[in-house]
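Hello,

Here is the structure I promised to pass on to you. Have a look at it first, and then read on for what turned up in it.

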There are 2 protein chains.
Amino acid sequence: MYIAIMAGGSGTRFWPASRQWRPKQFLNIIGDTPMVLATYQRIQALAPDERILLVVGEQHRAETERLFAHTAVNILAEPMGRNTAPCIGLAAKYVERLGGGGPLVILPADHFIADAEAFRDCLRRAAAVASRGGIVTLGIVPTRPETGYGYIERSAESEQENVFRVVKFVEKPDLQTAGRYLAAGNYFWNAGIFVATPQTLLEEFSLQMPAFYDGLESLRATFDQPHFSEQLKSLYEKTESISFDYAIMEKTTKPVYVVPANCGWSDVGSWFSLYEVRREQEQDGFGNIQEGNALLLNCKNSFVVARGKRLAAALGLNNILVVDTDDALLVADLAHSQEVKDVINRLMERGLTRIL
Amino acid sequence: MYIAIMAGGSGTRFWPASRQWRPKQFLNIIGDTPMVLATYQRIQALAPDERILLVVGEQHRAETERLFAHTAVNILAEPMGRNTAPCIGLAAKYVERLGGGGPLVILPADHFIADAEAFRDCLRRAAAVASRGGIVTLGIVPTRPETGYGYIERSAESEQENVFRVVKFVEKPDLQTAGRYLAAGNYFWNAGIFVATPQTLLEEFSLQMPAFYDGLESLRATFDQPHFSEQLKSLYEKTESISFDYAIMEKTTKPVYVVPANCGWSDVGSWFSLYEVRREQEQDGFGNIQEGNALLLNCKNSFVVARGKRLAAALGLNNILVVDTDDALLVADLAHSQEVKDVINRLMERGLTRIL
């Protein structure tokens with residue numbers, strides 16, 4: 001089995017803890033470990049380092065090399081973000097070149113999994129199916145009528161134990177539809193975790209993104225050469241930014257399977273989502289999470305992250321998020337924490353890109 | 001008329017904006033002016049600088065001299081805090097020595113007055129009464145059933161226009177009693193503002209605090225001499241810490257009057273109280289007050305004071321106080337902001353006196 005960890009995303013959903021130059025996957029927002037390293041540790045039991053590939057943004061190459069200096073993993077840097085399809089195509093090409101005939105697991109670097117063993121079992125099952133030629137997705141068993149994710153509808157009958165055919169991928173639903181999906185029991189969350197052989201993937205790229213596929217083909221011989229970066233950049237500049245779901249999965253003629261995963265998954269997409277994940281492990285009996293140089297008095301259900309040098313005192317708060325860093329402070333209603341993007345926009349308008 | 005401004009208090013009710021070394025009266029928490037300077041400006045029209053005395057703590061002498069360098073006011077430093085009775089006795093002695101036969105107005109340095117002209121009118125009326133030998137207090141016309149202040153009960157009949165005899169001083173009431181006082185209409189808040197001639201005051205000190213009075217007498221000749229500070233320190237060390245209300249007003253045999261004052265007074269005793277004062281003047285249409293490098297989005301009735309170098313972003317807050325400084329941050333429910341004393345206590349327990 002080969003594993004590609006996609007760590008190329010950027011984002012400021014965890015501003016001010018995350019910054020443009022330090023996105024979520026490089027932050028230790030859960031425990032002491034940057035998420036990309038935790039993701040690696042989670043799948044380490046499945047493959048030797050030589051079969052693990054990290055795909056990162058060029059701007060994070062040095063930090064990634066530093067973080068993984070004690071390992072023998074492969075690191076590949078994308079010259080710019082082009083969403084997941086080019087990233088997965090590149091990973092498939094790289095792994096094919098390594099000579100891998102076995103299935104390739106593709107997973108994001110910034111998810112949280114409570115039950116790592118259950119997660120690895122799902123990947124093993126998915127890999128077994130994928131080695132026979134289809135594309136397998138992990139389907140997260142939903143626990144609430146979430147409107148923020150795409151869903152996967154499974155077949156009524158299983159192909160084998162805990163493996164189903166995918167009937168269709170559906171876009172983010174409205175709340176009523178999400179409730180129906182939850183009640184129906186045959187819908188899963190699409191976590192963007194895929195398993196297929198490099199050969200299967202590249203066949204699909206040759207059909208659905210032929211120009212990009214040709215570009216990958218011409219890169220093949222240059223992976224270890226000095227002008228590789230330049231060639232990859234030239235290819236990426238010509239390639240549209242598009243998701244793997246949209247470019248490949250919605251159009252593929254290959255058999256597509258889903259393996260249900262009940263492993264305490266979270267995409268940790270907002271401060272509130274992070275709070276929910278950490279509350280399971282760390283809360284103080286009043287629903288509070290605190291980190292760093294913080295002092296909480298009479299607080300409930302609040303989340304105080306003190307990452308600056310300063311003391312952060314919280315008094316009588318309920319459902320409040322406090323994130324303190326040395327050059328920016330955010331105080332928000334926890335339930336509105338996804339609106340941090342509006343703060344970012346406002347800071348951009350003010351030209352305060354220095355603190356983004 | 002002589003005026004003594006009592007600026008000796010310490011306190012951390014406005015922590016982290018106020019600190020032990022920088023109490024409220026030296027802060028510009030309303031507008032750009034430190035409260036002690038605003039207090040001086042408010043009464044400047046009543047007396048020339050030579051008849052104005054500031055009584056400050058020794059630790060604030062240098063800062064006071066700097067703040068008032070452009071004036072000719074008198075500055076007297078207390079070696080330690082001993083509450084208001086010794087402070088007023090000292091001020092009376094100092095003014096008597098200046099040769100003042102006229103009435104002496106004594107007022108705290110850290111109150112807010114919305115209508116300065118109405119306030120000065122009250123002081124003029126009080127001074128006229130005091131010059132005939134009694135002690136006059138200002139009685140703040142109550143606007144709510146406040147349980148945090150002492151009250152003054154006035155006589156049914158006025159002595160002259162807007163001057164009443166005091167029936168009694170009453171301690172902080174419970175809410176029900178405060179409601180009764182408010183409804184009755186013959187109770188005022190005791191703001192600790194007194195007017196009397198130095199002679200009247202010193203007579204009272206000789207009766208009620210004879211040892212302290214004798215000490216003042218022996219200081220009389222030393223006010224301008226090098227060993228004055230040392231002698232004053234020796235006197236203060238022997239003197240109990242006691243309020244003027246308790247030591248003198250409750251026991252005096254002099255006639256005591258009250259002049260009703262309807263001048264938008266606030267003792268600005270907590271962050272919430274400050275918020276209420278400033279909301280009258282500054283709020284943004286959603287009840288928010290912001291100061292410094294702050295960004296508010298979708299906030300209501302919140303108070304964001306950004307006194308540090310950092311940006312403070314507030315998102316979706318309701319009734320929340322944020323006070324950011326370079327070495328400490330406070331986030332609190334505005335209604336619980338008086339509990340900042342609990343934070344102070346906790347910091348003391350932790351030995352974090354450096355940030356107090």
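Two strands are said to pair if DSSP finds at least two bridges between them. Please keep in mind that this is a predicted model.

With that definition in hand, the place to begin is where the two chains meet. Strand 17 of chain A pairs with strand 15 (residues 311-315) of chain B; the sense is parallel, and there are five bridges. To find one of the partners yourself, go to A:Leu330, whose bridge partner in strand 15 of chain B is B:Ala313.

Now for the contact between the chains as a whole. Chain A contributes 29 residues and chain B contributes 29 residues. On the side of chain A that touches chain B, the elements giving two or more residues are strand 13 (294-297), strand 15 (311-315), strand 16 (320-324), strand 17 (328-333) and helix 11 (340-349) of chain A. Which of these gives the most? That is strand 17 of chain A, with six residues. Sorted by class, this side of chain A holds 19 nonpolar, three polar and seven charged residues.

How are the two copies arranged? Chain A is superposed on chain B by a rotation of 180° with 0.0 Å of shift along its axis, and the RMSD is 0.0 Å. The two copies are therefore related as by a two-fold rotation axis. If you want to locate that axis from chain A, look for A:Val331: in chain A, its C-alpha is the nearest to the axis, at 4.0 Å. Both copies use the same surface, as 100% of the contact residues of chain A recur in chain B.

Next, a look within one chain. The domain assignment of chain A gives domain 1 (2-266) and domain 2 (279-355). Their C-alpha centres are 30 Å apart. Where these two domains of chain A touch, domain 1 supplies five residues and domain 2 supplies 10 residues. On the domain 1 side of that contact there are three nonpolar residues, one polar and one charged.

Finally, a helix to visit in chain B. Helix 1 (residues 35-43) of chain B has a run of buried residues: B:Met35, B:Val36, B:Leu37, B:Ala38, B:Thr39 and B:Tyr40. What covers them? Strand 1 (2-7), strand 2 (52-57), helix 2 (61-67) and strand 4 (104-108) of chain B are among the elements that do.

Enjoy exploring it, and do write back with any questions.

Best wishes

Terms used:
Residues are numbered from 1 along each chain as its sequence is written. Chains are lettered from A and ligands numbered from 1 in the order in which they are written. This is a predicted model: local features need pLDDT of at least 70, side-chain atom pairs count only at pLDDT 80 or more; totals for chains, interfaces and linings use all residues. Two residues are in contact if their C-beta atoms, placed from the backbone, lie within 7 Å. Helices (H or I, at least four residues) and strands (E, at least two) are DSSP runs, numbered from the N terminus. Ala, Val, Leu, Ile, Met, Phe, Trp, Tyr, Cys and Pro count as nonpolar, Asp, Glu, Lys and Arg as charged, and the others, Gly among them, as polar. Domain bounds come from an automatic or database domain assignment. Copies are superposed by least squares on the C-alpha atoms of residues with pLDDT of at least 70 in both. A residue is buried if 20 or more other C-beta atoms lie within 10 Å of its own, exposed if 12 or fewer, and partly exposed in between; C-beta atoms are placed from the backbone.
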